[in-house]
Amino acid sequence: MEVFFEGGTGYLLAGSSIFTFTVILVYLFRLEKIVRSESQQIKQNQEALLSVHLLLSGKKPLPQSTSWAAAPDFLMLLVADIVERSPSFIVEAGSGLTTLCMALALARNPTGKILALEHRSQSRAATLDLLSSYGVDQLVDLREAPLVPVLEKKRLYKGRWYDIHPGLFSSGIDLLVVDGPPAVVDPLARYPALVLLYSCLNPGARIFLDDYHRKGEVKIVKAWLKLFPDLHMRYVATSKGLAILEKSGPEAL
Ligand SMILES: C[S@@+](CC[C@H](N)C(=O)[O-])C[C@H]1O[C@@H](n2cnc3c(N)ncnc32)[C@H](O)[C@@H]1O
């Protein structure tokens, strides 16, 4: 009788612990959802307030950012780099808000040009509309390039990347922005960028790789640094994580 009673108490205790744990878990999930939605609203309102100020001073604000696009802290560093270094030839993998911001920054240096690669026709059309609505479409050669198998089996990632002709890069790249293909294609989908384009980088060229907070991008950078000892890397704690790499040149990082 005593043994049965003890066992019953044990079951009761275990049952109530599981119940309490489940209630806490449900509560935490709800809390996370609320915090996420609140911070999204704060972000939207900050962007909207900035837009109101710009509109009132006669300037055209940037479109509101989406979860797919590069975050404002990444865009700020990218624009600052272009304003500071005036790169002559910029290549971008994955078009969108980044393309617009780079074109607007480059408009200050009319000798520079941008070649952007995009695998989705809808995204290419949307970026083209964006560029022409800001009057900077002439600065960008926006190519639709399907993703095709590019690397041999022995590489870290033997999947697909943009179908491009190496002759496109003969003038030497000064800035390479890697924000595509998206990770839904493959977590290592951005790996081919440097494997294919490293030899086209000018000395001192910089590479901006977005989404460094993801495991795939960390793995990609590790592999790049091993393959190309001439590269130096700096991590910047932006909201999505940024890796800036530089090919040794006159002014290394
Ligand atoms: C991470 S996004 C970044 C694009 C660009 N650099 C920017 O900041 O806007 C990379 C790719 O995702 C794809 N993409 C963009 N918007 C999308 C959407 N709403 N649904 C699915 N794919 C999208 C496009 O092919 C784009 O090149």
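Two residues are in contact here if their C-beta atoms, placed from the backbone, lie within 7 Å. The structure is a predicted model: local features need pLDDT of at least 70, side-chain atom pairs count only at pLDDT 80 or more, and totals for chains, interfaces and linings use all residues. Residues are numbered from 1 along each chain as its sequence is written.

Figure 1. Let us begin with the overall layout. The protein has 6 helices and 9 strands; helices (H or I, at least four residues) and strands (E, at least two) are DSSP runs, numbered from the N terminus. With a radius of gyration of 24 Å, well over the 18 Å that the globule rule gives for 253 residues, the protein is more spread out than a compact globule. That radius is taken over C-alpha atoms, and the globule rule is 2.2 Å times the number of residues to the power 0.38. Along the principal axes, the C-alpha atoms fill a box of roughly 90 × 55 × 35 Å. Domain 1 covers 1-61 and domain 2 covers 72-247, with bounds from an automatic or database domain assignment. The domain centres, taken over C-alpha atoms, are 36 Å apart. Among contacts with a separation of 6 or more, 67% link residues 24 or more positions apart.

**Figure 2. T22 on helix 1.** Helix 1 spans residues 2-56 and includes T22. Is T22 buried or exposed? T22 is exposed, because 10 other C-beta atoms lie within 10 Å. The scale used throughout calls a residue buried if 20 or more other C-beta atoms lie within 10 Å of its own, exposed if 12 or fewer, and partly exposed in between, with C-beta atoms placed from the backbone. By that scale, 29% of the 253 residues count as buried. The C-alpha atoms of T22 and L194 are separated by 47 Å, and these residues are 172 apart along the chain.

Figure 3. In helix 3 (residues 97-106), 9 of the 10 residues are buried. Those buried residues, including L97, C101, M102 and L106, pack against helix 2 (72-85), strand 1 (89-93), strand 2 (113-118), helix 4 (121-133), strand 3 (140-144) and strand 6 (173-178). The largest nonpolar core has 50 residues, of which L78, M102, A103, I114, I173, L176 and V178 touch the most other members. Helix 3 gives the most to this core, with 7 residues. A nonpolar core means a set of buried Ala, Val, Leu, Ile, Met, Phe, Trp, Tyr and Cys residues joined through C-beta atoms within 7 Å. Beyond its neighbours within four places in sequence, L78 is in contact with T98, C101, M102, V177 and F208.

**Figure 4. The shell around the ligand.** Which residues come nearest to the ligand? Of the 15 residues around the ligand, they are A69, A70, G94, G96 and D179. A residue counts as near a molecule or strand if its C-beta atom, placed from the backbone, lies within 6 Å of it. The shell has 5 nonpolar, 7 polar and 3 charged residues. For these classes, Ala, Val, Leu, Ile, Met, Phe, Trp, Tyr, Cys and Pro count as nonpolar, Asp, Glu, Lys and Arg as charged, and the others, Gly among them, as polar.

Figure 5. Most residues other than glycine have a negative phi, and most peptide bonds are trans. A cis peptide bond joins G180 and P181, with omega about 0°; P181 is in the loop between strand 6 and helix 5 (192-197). S86, in the loop between helix 2 and strand 1, has a positive phi near 45°. S86 is partly exposed, with 15 other C-beta atoms within 10 Å. Leaving aside its neighbours within four places in sequence, S86 is in contact with N109 and G112. The C-alpha atoms of S86 and D174 are 9.0 Å apart, although 88 residues separate them in sequence. D211 has a phi near 65°, also a positive value, and is found in the loop between strand 7 (201-210) and helix 6 (215-227). D211 counts as buried, because 22 C-beta neighbours lie inside 10 Å.

Figure 6. D137 is in the loop between helix 4 and strand 3. With 17 other C-beta atoms within 10 Å, D137 is partly exposed. Setting aside its neighbours within four places in sequence, D137 is in contact with L128, L131 and S132. The C-alpha atoms of D137 and S239, 102 residues apart along the chain, are separated by 29 Å.
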